[in-house]
Amino acid sequence: MKDFTLSLTATPDTIDELGHVNNAVWVQWIQQVATAHWDTAAPQSHKDAYVWVVVRHEIDYLRALGPGESVTARTWVADAPQGAKFDRFMEFTGADGRVHVRARTVWALLDKASGRPLRVTAAVVAPFLDKP
């Protein structure tokens, strides 16, 4: 698998009344990181033809992230898609090496023109895996 990483910092607008990053922000960050991974790894022809939508989030909130603190998001995809669906995994790790949030999201591949689900092919998967 090819990992993708992105650094994120808690800003005042991401902090809730409890003084830490709001859970809804973590969901936004998951989408931001996944989208950045797709934009970085996928060939332009795939970006022109396909779009991904989330069909499921599983998120474990393990420790809070306070104002001004940063995490490194690391994401990777599962080796084997199931039809139109593909699992994406993500961990947000602090400077101390401790995981703050861990997630598994299920994404579905859609044809951009029709909006219909498409089977995830080996060609779509290839840019995200270390395998030749």
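Reply: Happy to! Trp38 and Phe128 are both buried, where buried means under 20% relative accessible area, exposed over 50% and partly exposed in between (1.4 Å probe, protein chains only). This is a predicted model, in which local features need pLDDT of at least 70, side-chain atom pairs count only at pLDDT 80 or more, and totals for chains, interfaces and linings use all residues. Residues are numbered from 1 along each chain as its sequence is written, and side-chain values use heavy atoms, leaving out hydrogens and water.

Me: What makes Trp38 and Phe128 a stacked pair?

Reply: Rings of Phe, Tyr and Trp (its six-membered ring) pair if their centres lie within 6.5 Å; planes under 30 degrees apart count as stacked, over 60 as edge-to-face and the rest as tilted. For Trp38 and Phe128 the values are 6.0 Å centre to centre and 5 degrees between the planes, hence stacked. Trp38 belongs to helix H1 and Phe128 to the segment after H3, so this pair ties together parts 90 residues apart in sequence. Helices (H or I, at least four residues) and strands (E, at least two) are DSSP runs, numbered from the N terminus.

Me: Why is the pair of Trp52 and Phe86 called edge-to-face?

Reply: Their ring centres are 6.1 Å apart and the planes meet at 90 degrees, so edge-to-face is the label. This pair also links distant parts of the chain, with Trp52 in strand S2 and Phe86 in strand S4, 34 residues apart. Ring pairs join Trp38, Trp52, Phe86 and Phe128 into a cluster.

Me: How do you know whether Trp52 is buried or exposed?

Reply: Trp52 has 18% relative accessibility, so it counts as buried. Phe86 is buried too, because its relative accessible area is 5%.
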